[in-house]
Amino acid sequence: MLKIKKVEKPDFFNKWIKNNKGYSLELRKYLLAEEQWKVCCYCEKTVSESPESSHIDHIRPKDKFPDLIHDYDNLTVSCQTKKRCGHAKGNKFDENFIVPTEDSPGDYLTYSPNGEIRPVENNKRGRETIDILHLNAPKLRPLSPAHVVGPRRGPCLRRPCRGLNF
Ligand SMILES: [Zn+2]
């Protein structure tokens, strides 16, 4: 999971609020470029802004948090992989879910040498978040070891953000 530092909302954000279908491509492009190094915020798989590749994910789901539908800080970009990440999360959210814009995922999640994502010291928040997002899908494992997140594991090693500490 990516640690996301939100930047200033773009000028066209109010247009997205009024007509989000017309501006969602532009918003995904902005979020991916400015905040997410062009990867899914949950599985860190490289994605593009195209609707086949990614979608805007409300971290706190719309149905449970209607006041946050247009809250810029609640928006991230997730991959379109069925049964994983944003699609797996759906309306699931509670206080244990690791929030990439507020928490430091590296405090809760780590990778085994074979690329399996694991909860640090078997912590509950890590366990539940991995379950909700299906982050241990076998297809994901080969992608994971190269992208080490969080202060416990040092700087990120993935090429677009190599050397940056989160
Ligand atoms: Zn994903």
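The buried residues of helix 4 are covered by elements that include helix 3 (85–89), strand 3 (109–111) and strand 4 (117–119), where helices (H or I, at least four residues) and strands (E, at least two) are DSSP runs, numbered from the N terminus. This is a predicted model, in which local features need pLDDT of at least 70 and side-chain atom pairs count only at pLDDT 80 or more, while totals for chains, interfaces and linings use all residues. Residues are numbered from 1 along each chain as its sequence is written.

In helix 4 (residues 124–133), the buried residues are Arg125, Gly126, Thr129 and Leu133; a residue is buried if 20 or more other C-beta atoms lie within 10 Å of its own, exposed if 12 or fewer, and partly exposed in between, with C-beta atoms placed from the backbone. These four lie on the same side of helix 4, because they cover an arc of only 95° around the axis, the arc being that of the directions from the helix axis to the C-beta atoms. An α-helix has 3.6 residues a turn, so residues three or four places apart point the same way. After helix 4 comes histidine 134, with a positive phi near 55°.

Across the chain, there are four helices and four strands, arranged along the sequence in the pattern α-α-β-β-α-β-β-α. Of the 166 residues, 30% count as buried.

Strand 1 (residues 54–58) pairs with strand 2 in the antiparallel sense over five bridges, pairing being counted if DSSP finds at least two bridges between the strands. In this arrangement, isoleucine 56 stands opposite valine 77 of strand 2. Strand 2 has both faces covered, with Leu75, Val77 and Cys79 buried on one side and Thr76 and Ser78 buried on the other.

The largest nonpolar core holds 25 residues, of which Cys40, Cys41, Tyr42 and Cys43 touch the most other members; such a core is a set of buried Ala, Val, Leu, Ile, Met, Phe, Trp, Tyr and Cys residues joined through C-beta atoms within 7 Å. Helix 2 (20–34) and strand 2 (75–79) each supply at least two residues of this core, and the largest share, four residues, comes from helix 2. Leaving aside neighbours within four places in sequence, cysteine 43 is in contact with Cys79, Arg84, Cys85, Leu135 and Leu140, contact requiring that the two C-beta atoms, placed from the backbone, lie within 7 Å.

Lysine 5, in the segment before helix 1 (13–18), is exposed, because it has 10 other C-beta atoms within 10 Å.
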